[in-house]
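My notebook is open, and I am meeting this structure for the first time. Here is what I looked up, entry by entry.

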Amino acid sequence: MIRSELLAPAKNKETAIAAIDAGADAVYIGANSFGARKNASNSLNDIKEVVNYAHKFWAKVFITINTILDDNELIEAFDLIKKLDNIGVDSIIIQDMGLLKKCIDEKITIPIHMSTQCDNRDIEKFEFFNRIGVSRVVLARELSLEKIKEIHKRCPNLELEAFVHGALCVSYSGQCYLSEFIGGRSANRGECAQPCRKKYTVETTLGKILAKNIYALSLKDFNASKHIKTMLDNGVFSFKIEGRLKDINYVKNIVAFYRKELDKYSKKISSGKSVYPFEPNPEKSFNRGFTDYFLQKRNDCFNFTSPKSQGEYLGKVIEVKNNYIRINTDKDIHPQDGLVFGDNGFLVNKVEGDKIYPNKQVKIKIGDKIFRNNDVNFEKKLNLPPKRQIGVNIKVYNNQIELIDKNNISIVEKIELNEIAKNPEKMKETFIKQFSKTGNSDFYVENIEINSEIPFMPVSEINKLRRDLFEKLMQKRLLNYPKEVQKELKYTDFYKKELDYRGNVYNKDAKNFYNQCNCKILEPALEKTKPNRQVEIMRTKHCIKYALGICKSPQELVLVDEKGTKFPLKFDCKNCEMVILSPTK
């Protein structure tokens, strides 16, 4: 069976451990700086704890250092990489080419993954990174299944990581300058203010309003669960869940769901079986509605109504009274559930039969669609931790006991024959019973095979033997952890001869990197110097003309924010892309 990796997000140590318990093969987490989610940073001590925990299950820990860096930060970031290597981190996810240059020049051994922030959508870019020798490249979210297949065909030995679930950036990653342009908060520097989740008015250049105060750039959330088999067949190795700012219950639920889905078609690369006190359901966690985006074809990937979580669909309103409503639904609703309709919501105060009493006055009407974005009963179950354990087979023979785990790691220990059991069968039963009580340990017993007599042993002695043997087995597992090493990196020709501000060159080493790859840098990153001309500040596959049903209209459009700033829109219909331009003065 094909092998795959389920990669989970973690904003902190607790979430990382929960993700591993829920079945993740790897977690990605931010260090104390230089991550694309500035509000999800962690100390080296916490990361070390996560590494130690993950490696017990042969799960991996990746660190995000995926922002562009100035010259001083570059030195600090490379020093951080060396410290992370020392504590056993399994890979670094990077964006900055200056940092890649340092990794090449210093011959680092920790595997390098090129972040989706590198704008990885051209097949030629994958070939470029493949020639350099990086361990993995993260696919742009906009790529189709066919494009992924072609990339894998051209670079069969390059690990491909693809997003499978979570929030979508409306722009090609690494190519969004809207937040930087509006308020000086750069997405490429981990400071995105998410202007794509704000309201805009869509107008013609002549001032005709086509859509007023809508969330024109807000997308639904990604859900590729129905395409897992095809993604595997087309070359995807790692399935990445987005969400380094999401809470711990979100991560538990979504990881558990995708663990079950992936296990239908592939073999996980880590060890252990997870047991859940809940039935995973992605609709019950934060989502803005789901889309499979452009995996197959263009669809309604947008949600103009609200950027907030809508949760699971319950049904339509069939009756509205002064103090209650009724919904046509087959789902149970409970007090304190959170219900939403459009951009509005309320908590359920009480439920009597099919009558639902909101905790406040709401402007709701018959026919409104109702969603539940907080299921209190489900959240209570999520508060209980999943448990992950590694299967062990035990053999007793020739006065010794052998433990063999699912990775064929084994230990053998002599059993001292200090006293012969008066009732051998009873002793055997007691031994099997006590050794099967693995409780909260990292192991569970699959089978116990006894081919020689068990000496008399008090229950306390059997329990101690079990604990000691499990501890020794775990230590041997950690010693045998299959640590991967980055193969030697080298320079190679870039597939373009020159780059403008969209190359995101923010330090001298990044410029020198491109020079050594025979690519001329025409200007630095927009975050360093804003070009004195109208420029693209976003390029996206999302098209407002398509969304408004005027795809073939020749009208020229502008996007107007709440302050009245007008952003001209350009439509690249040949490539089925929309461009937001900087405002003209």
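In what order do the strands of the open sheet of 6 strands stand? I read the order as β9-β8-β28-β29-β30-β27, with antiparallel pairing.

Before going on, I noted the ground rules: this is a predicted model, where local features need pLDDT of at least 70, side-chain atom pairs count only at pLDDT 80 or more, and totals for chains, interfaces and linings use all residues. Residues are numbered from 1 along each chain as its sequence is written, and side-chain values use heavy atoms, with hydrogens and water left out.

**Entry: the open sheet**

I wrote down two terms. Helices (H or I, at least four residues) and strands (E, at least two) are DSSP runs, numbered from the N terminus. Two strands pair if DSSP finds at least two bridges between them.

Strand β8 (residues 200-204) pairs with β9 in the antiparallel sense over 3 bridges. I followed one of these pairings and found I209 in β9 as the bridge partner of E203.

**Entry: the barrel**

Next I checked the other set of strands. Here 6 strands close into a barrel, in the order β15-β16-β19-β18-β17-β20, and the pairing is antiparallel. Neighbouring strands of this sheet are turned by 50° against each other on average, direction ignored. For a close look I picked strand β15 (residues 312-320) and strand β16 (residues 325-328), which pair in the antiparallel sense over 4 bridges. K316 has N328 in β16 as its bridge partner.

Is strand β22 (residues 400-405) enclosed or open? I found 6 of its 6 residues buried, so β22 is largely enclosed by the rest of the structure. Buried means under 20% relative accessible area, exposed over 50%, and partly exposed in between (1.4 Å probe, protein chains only).

In a regular strand the side chains alternate between the two faces of the sheet. In β22 I see Q400, E402 and I404 on one side and I401, L403 and D405 on the other, all buried.

β21 joins β22 through 6 bridges, and the two run antiparallel. The hairpin of β21 and β22 has 2 residues between the strands, and N398 in the turn has a positive phi of about 50°.

On to strand β23 (residues 410-414), which pairs with β22 in the antiparallel sense over 5 bridges. E402 stands opposite V412 in β23. This hairpin has 4 residues between the strands, and N408 takes a positive phi near 65°.

**Entry: helix α1**

I found helix α1 (residues 13-21) mostly covered, with 7 of its 9 residues buried. Among the buried ones are K13 and D21. The cover over the buried residues includes β1 (3-10), β2 (26-30), α2 (44-56), α9, β13 (273-275) and β21 (387-397).

**Entry: nonpolar cores**

A nonpolar core is a set of buried Ala, Val, Leu, Ile, Met, Phe, Trp, Tyr and Cys residues joined through side-chain atoms within 4.5 Å. The largest one has 154 residues, and L100 and L217 have the most contacts inside it. Helix α9 (residues 248-262) gives this core its largest share, 8 residues. A second, separate core of 12 residues includes I327, L339, F341 and I356.

**Entry: rings**

How many aromatic pairs does the structure hold? I noted 20, where rings of Phe, Tyr and Trp (its six-membered ring) pair if their centres lie within 6.5 Å, and planes under 30 degrees apart count as stacked, over 60 as edge-to-face and the rest as tilted. Y177 and Y501 form an edge-to-face pair, 5.5 Å centre to centre with 65° between the planes. Y177 lies in the loop between β7 (159-166) and α7 (178-183) and Y501 in the loop between β25 (498-499) and α13 (508-516), so the pair ties together parts that are 324 residues apart in sequence. Both Y177 and Y501 are buried.

Conventions:
Axes fitted to C-alpha atoms, helices over the stretch in contact; angles between N-to-C directions. Contact = heavy atoms within 4.5 Å.
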